[in-house]
Amino acid sequence: IHHSVVPLTHMPIAWGLLWSFRKIDGLAGVVGVRLGFLQGIMALLRPATLALFHFYWVRGCSTTKERMWLLTGMLLVLLPWIGYVHHQTKAFVLINTASAYNIFLGNQPETPNYRSWELGSHDHRGEVAFEPFYTRLDSIHSLPEGQQSAAFRKYTLQFVQANPLTSLLRI
């Protein structure tokens, strides 16, 4: 488990992953709902873990019925949260508005391994190695606020597609 800005956020995620991998032999019924419920909780604690949903969907589910159990469990956690956030902000937000920015910070060529939080908490302006990062960041921040999340997702997706193993290491 690598470092986190928020102490112990990785502990429940690590526990959840260990539990879920033990249960991945079949996702029928209650087991599928429990795994989906756990995936929803993990997503609220650390939104980047939503990437694991694809793993469960492909590797863990062999039938449509198992996929529906998994999805049901996850939606039992996420839909109330999405509803609450919509009620508070009058906008549709999957989990939070910082996700695209945070995932962008952790998936850049300049992001140090095992310290995906580094670019969000330390100012490296003026250091030659970080100039391309700050050029990208400033260009996104110059966009209207409503377009910034899409731009963060675009740059992140480009990096993840080009460097899938590095991105997996940084989750």
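1. I41 sits in helix α2 of this predicted model. Its relative accessibility is 33%, so I41 counts as partly exposed. Together with F37, L45 and L76, I41 forms a nonpolar patch on the surface, and the four have about 350 Å² of accessible area together. Helix α2 (residues 29-45) supplies the largest share of this patch, three residues.

2. On confidence, the protein chain has a mean pLDDT of 79, and 81% of its residues reach 70 or more. Helix α1 (residues 10-22) is where confidence is lowest, at a mean of 61, whereas helix α7 (residues 131-141) has the highest, at 94. Where pLDDT is low, the predicted coordinates should not be read in detail.

3. Two salt bridges are found in the structure. In one of them, R136 pairs with E110, and the closest N and O atoms are 2.4 Å apart. This pair links distant parts of the chain: R136 belongs to helix α7, and E110 to the loop between α5 (99-106) and α6 (118-121), 26 residues apart. R136 counts as buried because its relative accessibility is 17%, and E110 is buried as well, with a relative accessible area of 14%.

4. A salt bridge also joins R125 and D138, with 2.9 Å between the closest N and O atoms. R125 is in the loop between α6 and α7 and D138 is in helix α7, so the pair ties together parts that are 13 residues apart in sequence. R125 is partly exposed at 43% relative accessibility; D138 is also partly exposed, with a relative accessible area of 36%.

5. There are six aromatic pairs in the structure. One of them is W81 with Y84, a tilted pair at 5.6 Å centre to centre and 40° between the planes. Both residues are in helix α4 (residues 64-89), and because they are three residues apart, about one helical turn separates them. W81 is partly exposed, with a relative accessible area of 34%, and Y84 is partly exposed at 45%.

6. F104 and F152 form another tilted pair, at 4.9 Å centre to centre with 55° between the planes. F104 in helix α5 and F152 in helix α8 (residues 145-162) are 48 residues apart, and their pair links distant parts of the chain. F104 counts as buried at 0% relative accessibility, as does F152 at 5%.

7. F104 and F152 belong to one aromatic cluster that also takes in Y101, F133, Y134 and Y155. K154 lies over the face of Y155, 5.3 Å from the ring centre.

Technical notes: Residues numbered from 1 in each chain as written. Predicted model: local features only at pLDDT ≥ 70, side-chain atom pairs only at ≥ 80, totals over all residues. Heavy atoms only, no water. pLDDT = per-residue confidence, 0-100. Helix = DSSP H or I, 4+ residues; strand = E, 2+ residues; numbered from the N terminus. Patch = residues over 30% accessible without salt bridge, like charges linked within 9 Å, V, L, I, M, F, W, Y side chains within 5 Å. Areas by Shrake-Rupley, 256 points an atom, 1.4 Å probe, with all protein chains shown as cover. Salt bridge = Lys/Arg side-chain N within 4 Å of Asp/Glu carboxyl O. Buried < 20%, exposed > 50% of the residue type's maximum accessible area, 1.4 Å probe, protein only. Phe/Tyr/Trp six-rings, centres within 6.5 Å; stacked < 30°, edge-to-face > 60°. Lys NZ or Arg CZ within 6 Å of the ring centre and 35° of its normal.
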